[in-house]
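Student: I would like a close look at a single part of this structure. Please walk me through that part and then connect it to the rest.

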Amino acid sequence: MSSLFRSEEMCLVQLFFQTESAHNCISELGHLGLVQFKDLNPGVTTFQRRFVKEVKKCEEMERILRYLEKEMVKSNIVIAATKEKEMVPCARDVLELESTFEKLERELREINRNHATLRQNLVELMDIDSLLRMTEYFFEEAESLLTYSEPPSEDSVSMTVSSHITSRRNSNSSTSGALHLSFIAGVIKQERFPAFEKVLWRLFHGNFVLRHAEIQATEELQAVRGAVKKDVFIIFVQGGRVREKIRKVCEGFRASLYSCPKTLYERKQMSNSVMTQMQDLRMILRRTEEYRASVLTRAAEHVQEWSSKVKKMKAIYYTLNLCNIDITQKLIVAEIWCPVSDLAIVQNALIKGSEQSGSSVTPVLNRIQTQQTPPTFNRTNTFTEGFQTIIDAYGVGTYQEINPAPCTIVTFPFLFAVMFGDCGHGLVMTLFAVWVISQAESFRKWKNEVTDVLIGGRYIILLMGMFSIYTGLIYNDCFSKSFNIFGSSWCVRPMFHPHGPWQNETLQEYNHLQLNPFVPGVYSGDPYVFGIDPVWNIASNKLSFLNSFKMKMSVILGVSHMLFGVSLSLVNFVHFRKFQAIFLQFVPQLIFMLSLFGYLIFLILYKWCITLRSETAPSILLLFINMMLFDYQSEHLLLYGGQKGLQIFLVLTAVLMVPVLLLVKPFLIYRTRMKTRHQVLGNNLNDQHGTDTRSSFSHHQSDEMVSMGDIFVYQAIHTVEFCLGCISNTASYLRLWALSLAHAELSEVLWRMVLQVGLKISSGMGSLMLVVLFAAFAVLTVTILLVMEGLSAFLHALRLHWVEFQNKFYEGSGYKFAPLSFDSLLKTQQ
Amino acid sequence: MPSLLFCGPKLAACGIVLSIWGVVMLSMLGIFFSAKSAVLIEDVPFTEEDIRDDKSPPQNIYGLYNQVGINCFIAAAIYVGVGAVSLCQVRLNKRQEYMVT
């Protein structure tokens with residue numbers, strides 16, 4: 001049966017196809033997305049598999065594609081998206097694609113290398129150019145130094161061109177006429193310059209003249225070189241050996257040295273040639289960049305298509321690795337898990353695939369019986385997918401076990417709404433969910449983790465919002481205010497004279513007054529039509545009433561939810577034909593729960609229905625405790641006649657169920673084992689029982705693995721877990737009350753502290769303050785009440801489902817069906 | 001004419017959502033205050049004198065109710081303006097995005 005109630009029936013099918021048609025067949029199956037390939041070579045490592053080289057080739061191609069994509073992103077080239085379903089290439093096309101990719105990669109790398117070298121050259125030329133320009137002044141100064149007999153003044157000279165020159169005193173300057181000053185000129189990073197200076201001083205004790213100036217950072221320079229600041233420097237020294245030492249120091253500081261001609265004329269010539277060289281280089285650089293852009297643009301048109309092709313091929317080769325290739329190399333054997341209802345579709349796809357490859361032999365499908373557990377496959381659509389995901393997050397269902405997802409579609413948003421319960425917030429949540437649903441496709445492009453989770457859960461949020469509006473109407477709570485749609489059942493006027501006890505003076509004396517429902521007219525006798533009466537919103541003892549109401553409601557909802565879970569286990573037992581378990585597990589569990597907690601619900605409902613005076617009404621909790629303790633002293637009031645007898649009977653029944661749960665099943669197993677052992681020992685080879693003995697013998701053999709002690713212990717654990725769990729799980733459902741109280745109180749505090757301040761200003765500025773405060777109210781509502789409380793209620797509702805509900809019937813020990821599907825492959829890897 | 005665009009696309013979108021919510025909620029609050037709803041009594045700025053020195057009860061309180069209601073309506077009108085400004089910003093943002101690409 002193909003429905004969401006139970007996971008699909010799966011079958012193991014053997015496929016035989018020819019090697020030539022393998023690619024096309026597997027690609028057709030991949031497009032279908034309905035089969036899971038079983039690994040037929042489990043003992044083989046990844047490196048020993050047959051198609052490992054092809055997989056490596058595909059990975060290499062993927063790497064090249066990634067490199068291409070990165071380059072395209074760097075140069076801001078738009079990658080076109082393709083939408084058509086591409087045909088998967090066969091083995092020959094793989095080689096073609098491979099060679100295309102390699103050629104592209106080589107080309108691109110070469111272009112990049114050349115570009116880098118050209119840039120480097122341009123930088124050098126620019127440095128030389130600035131060096132030449134700035135050292136003009138230095139040379140003039142040096143020549144003037146030679147002619148003067150006195151050392152120049154110590155003042156630092158600053159030029160109007162914004163280069164800062166510090167003059168270094170030459171302490172031992174001998175200014176005799178025939179001085180032969182040689183110089184070294186170069187460019188060094190500005191940050192290294194002070195250290196450079198110090199080192200030179202230490203080495204040469206001032207036997208040199210050092211001039212430096214900062215290179216103007218033009219825009220072009222910055223584009224080519226980046227924001228590194230460099231200084232031009234020139235050192236005048238005497239003597240060849242000193243020159244060599246200084247050269248070494250410069251190399252140590254990574255300063256680039258350039259030879260500078262001595263005469264003015266030569267310098268001018270050099271400057272001109274550098275200019276022309278720079279022009280040429282700039283043009284070459286531009287041409288290189290244009291060529292690179294054109295190569296990338298051409299590739300960009302196909303990159304998406306190539307990438308999906310390569311991914312599909314890799315998936316196909318990976319799948320081929322899982323199959324068996326027989327000796328003659330002509331036949332491929334594969335084993336797949338496939339839903340029984342889709343066998344015809346798979347057959348058609350295989351026929352189509354083999355026709356495409358042009359082979360004459362159609363693939364053979366052979367369904368085989370197996371003892372292995374098939375994977376669990378739940379067919380979901382966009383709506384149910386979200387709910388199935390949250391169930392699977394806890395544990396994938398055992399094969400053919402009942403699927404809690406259909407019930408969860410209703411119970412999960414409902415339990416959330418019980419904890420969230422505000423129609424205003426519910427409305428905002430619903431509108432938000434509607435917006436996300438309508439924009440889901442454009443959101444998927446953002447590829448953020450948070451938005452992915454949001455998109456996956458958009459239908460859950462929609463349902464949570466709609467159910468919250470409903471519970472908000474029941475709690476009569478909308479942004480912490482109530483609606484009075486049907487007319488309140490309470491009336492204050494009859495409390496005054498002459499109907500009731502109040503006078504005008506009563507109002508002055510007392511701060512709090514209580515409406516007495518027994519005064520005629522105060523309470524109309526009919527409760528409010530739908531939900532909580534709006535009068536409670538302005539009552540000061542609102543919480544005493546609401547707490548009692550919500551706690552009892554939580555217990556009722558909790559016990560009902562758990563009883564529903566226990567009854568689902570009945571469905572499982574019937575399906576798996578474990579009729580013994582129905583009487584040994586389901587019935588005692590049900591009786592235990594009903595006699596204790598079902599009776600609690602009955603008490604709650606009964607107390608709500610009858611009329612009591614509030615001063616003398618017995619507390620249900622105390623009644624329950626006394627029932628368990630068999631405490632029936634006469635001063636404790638009972639709710640109805642015959643209560644004592646009924647309660648004693650119920651407690652005794654419940655207590656009687658515990659040994660039934662604990663002992664009967666292991667005892668029966670023990671008895672069957674004894675019987676089979678006697679049968680085997682008695683050598684009963686009657687053919688009629690032959691198969692029975694053999695099966696029970698094998699069963700007995702497998703059971704021998706589990707000793708009787710283990711069975712008893714397991715059963716004891718199960719029983720204790722259930723019985724104590726009943727109480728703790730019921731109490732756990734009280735979080736429905738706790739969270740709804742927290743939400744209501746937070747909402748009220750937000751209104752009172754933010755919006756009410758604006759409303760209470762009655763002067764003219766009131767409206768402006770109201771505008772500002774409303775904005776603050778809206779922001780805080782969204783962040784605190786919707787996001788924080790929403791997440792919290794979501795989490796608690798989820799926990800209630802996972803633990804309290806599902807541990808009554810859910811095993812969750814299956815593995816998920818993971819079909820070969822190109823759609824999901826492309827979606828996840830994008 | 002200098003560019004009238006002063007907020008990005010996200011801020012403008014938030015502005016639109018906030019103004020729609022503001023208009024709807026504040027106008028409904030205004031209606032409920034004008035209808036003298038009892039549930040909103042805590043939000044009305046009345047004092048002891050208003051109750052005690054009332055010549056014709058409960059007209060003082062009703063007057064205060066009306067005042068708060070009018071305040072709410074004015075605030076709703078201001079939010080209509082804010083919404084219009086945000087809408088303009090959204091349109092300008094879209095146009096700028098269109099022109100750049």
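Tutor: Start with a pairing in chain A. Strand 2 (residues 36-37) of chain A and strand 8 of chain A run antiparallel and are joined by 2 bridges. Within that pairing, A:Q36 stands opposite A:W337 of strand 8. Keep in mind that this is a predicted model.

Strand 8 of chain A has other partners. Strand 1 (residues 10-18) of chain A pairs with strand 8 of chain A over 9 bridges, in the antiparallel sense. There, A:M10 sits opposite A:P339 of strand 8. Strand 7 (residues 324-325) of chain A also pairs with strand 8 of chain A, antiparallel, over 2 bridges. In that case A:N324 has A:V333 of strand 8 as its bridge partner.

Now turn to the contact between the chains. On the chain B side, 24 residues are in contact with 27 residues of chain A. In chain B, the residues that lose the most area to chain A are B:W21, B:V39 and B:D43, together 30% of what that side buries. The two chains bury about 2,200 Å² between them, 75% of it on carbon and sulfur atoms.

The rule finds 1 salt bridge across the interface of chain B and chain A. The side chains of A:K481 and B:D43 meet in a salt bridge, at 3.6 Å from N to O. B:D43 also belongs to the trio in chain B that loses the most area to chain A. Between chain B and chain A, 7 residue pairs are in polar contact, both residues at pLDDT 80 or more.

Which elements of chain B supply this side? Helix 1 (9-34) and helix 3 (59-100) of chain B are the elements that give two or more residues to the side touching chain A. By class, the residues of that side divide into 19 nonpolar, 3 polar and 2 charged.

Finish inside chain B. B:S19 lies in helix 1 of chain B. B:S19 is buried, with a relative accessible area of 3%. Apart from neighbours within four places in sequence, B:S19 is in contact with B:Y79, B:V82, B:G83 and B:S86.

Key. Residues numbered from 1 in each chain as written. Chains lettered and ligands numbered in written order. Predicted model: local features only at pLDDT ≥ 70, side-chain atom pairs only at ≥ 80, totals over all residues. Heavy atoms only, no water. Contact = heavy atoms within 4.5 Å. Buried area = accessible area lost by both parts, 1.4 Å probe. Salt bridge = Lys/Arg side-chain N within 4 Å of Asp/Glu carboxyl O. Polar contact = N/O pair within 3.5 Å; in protein donor to acceptor, adjacent residues only side chain to side chain. Helix = DSSP H or I, 4+ residues; strand = E, 2+ residues; numbered from the N terminus. Nonpolar A, V, L, I, M, F, W, Y, C, P; charged D, E, K, R; others polar. Pairing = 2+ DSSP bridges. Buried < 20%, exposed > 50% of the residue type's maximum accessible area, 1.4 Å probe, protein only.
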